[in-house]
Amino acid sequence: MKFFLQKSKEILHEFFQISVLLKGVHGIVELLGGALVFVVSDRMLEHAIAFMTEGELIEDRHDFLENMLVTGAEHLMAGRTFAVLYLLTHGAINLSLALGLWKKKMWAYPAAIAALAVFTGYQTYRLTIHASSWLLILTVFDIVMIGLTYYEFLEKRNSTRVNDR
C-alpha cells in the first residue's frame with residue numbers, strides 16, 4: 001500500500017511540474033502575442049490574415065479554423081488596447097508565477113492559487129457571454145492546476161515541518 005501511495009505522489013508531482021512548464025510557456029506566448037498586437041497595425045494584421053486564409057476559405061467557406069482566425073482578428077482589432085493590456089499582464093503574471101513555482105518558492109504557491117482563482121472566475125464569466133472551446137480548456141486546466149498547486153504546497157509545507165524537527 002505504501003508503494004502505491006508513494007507512486008501516486010510521484011505522479012501528481014510530475015503532473016504539477018508539467019502544468020507549471022505549460023503555464024510558463026503560455027505566459028511567454030501571451031507576452032509575445034501582446035507585444036506583437038502592440039506593434040502590428042490593423043492593416044498589417046488584415047493582410048496577414050487574408051494571406052493565410054484566402055486559399056482555404058475559397059475551397060471551404062465554412063472551414064472552422066480559418067473562420068476562427070478571421071473572427072479572432074476582427075475582435076482583436078476592435079479591442080486592441082484591452083487585448084494588449086490583457087495579454088501583457090496575464091502573460092507576465094503567468095510567467096512570474098510559473099518561475100516561482102518552478103524554483104519552489106513558498107510565496108508562489110498561495111499567489112498562484114489566488115491568481116488562478118481570479119483567472120478562472122473571469123474566464124467563467126467570459127464563457128457565459130461567449131462560448132469558446134479554447135477558453136473552456138484553459139479554464140479546466142487552471143482549475144486542475146489550482147488543485148495540483150494546493151497539493152504541492154501542502155507536501156512542501158509538511159516536508160519542511162518534518163525536516164525542522
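The model is predicted, so local features need pLDDT of at least 70, side-chain atom pairs count only at pLDDT 80 or more, and totals for chains, interfaces and linings use all residues. Residues are numbered from 1 along each chain as its sequence is written, and side-chain values use heavy atoms, with hydrogens and water left out.

Let's start with the rings. The structure holds 5 aromatic pairs; rings of Phe, Tyr and Trp (its six-membered ring) pair if their centres lie within 6.5 Å, and planes under 30 degrees apart count as stacked, over 60 as edge-to-face and the rest as tilted. One of these pairs is Phe16 with Tyr109, which is stacked, at 6.3 Å centre to centre and 15 degrees between the planes. Phe16 sits in helix 1 (residues 2-39) and Tyr109 in helix 5 (residues 108-129), so this pair ties together parts that are 93 residues apart in sequence. Helices here are DSSP runs (H or I, at least four residues), numbered from the N terminus. Both Phe16 and Tyr109 are buried, where buried means under 20% relative accessible area, exposed over 50% and partly exposed in between (1.4 Å probe, protein chains only).

Now look at Tyr86 and Tyr122, a tilted pair with 6.1 Å centre to centre and 40 degrees between the planes. Tyr86 belongs to helix 4 (residues 80-102) and Tyr122 to helix 5, 36 residues apart. Tyr86 is partly exposed at 25% relative accessible area, and Tyr122 is partly exposed at 31%. Ring pairs also link Phe82, Tyr86, Tyr122 and Tyr125 into a cluster.

Finally, return to helix 1, where Ile18 lies. Ile18 is partly exposed, at 48% relative accessibility.

Notes:
Helix = DSSP H or I, 4+ residues; strand = E, 2+ residues; numbered from the N terminus.
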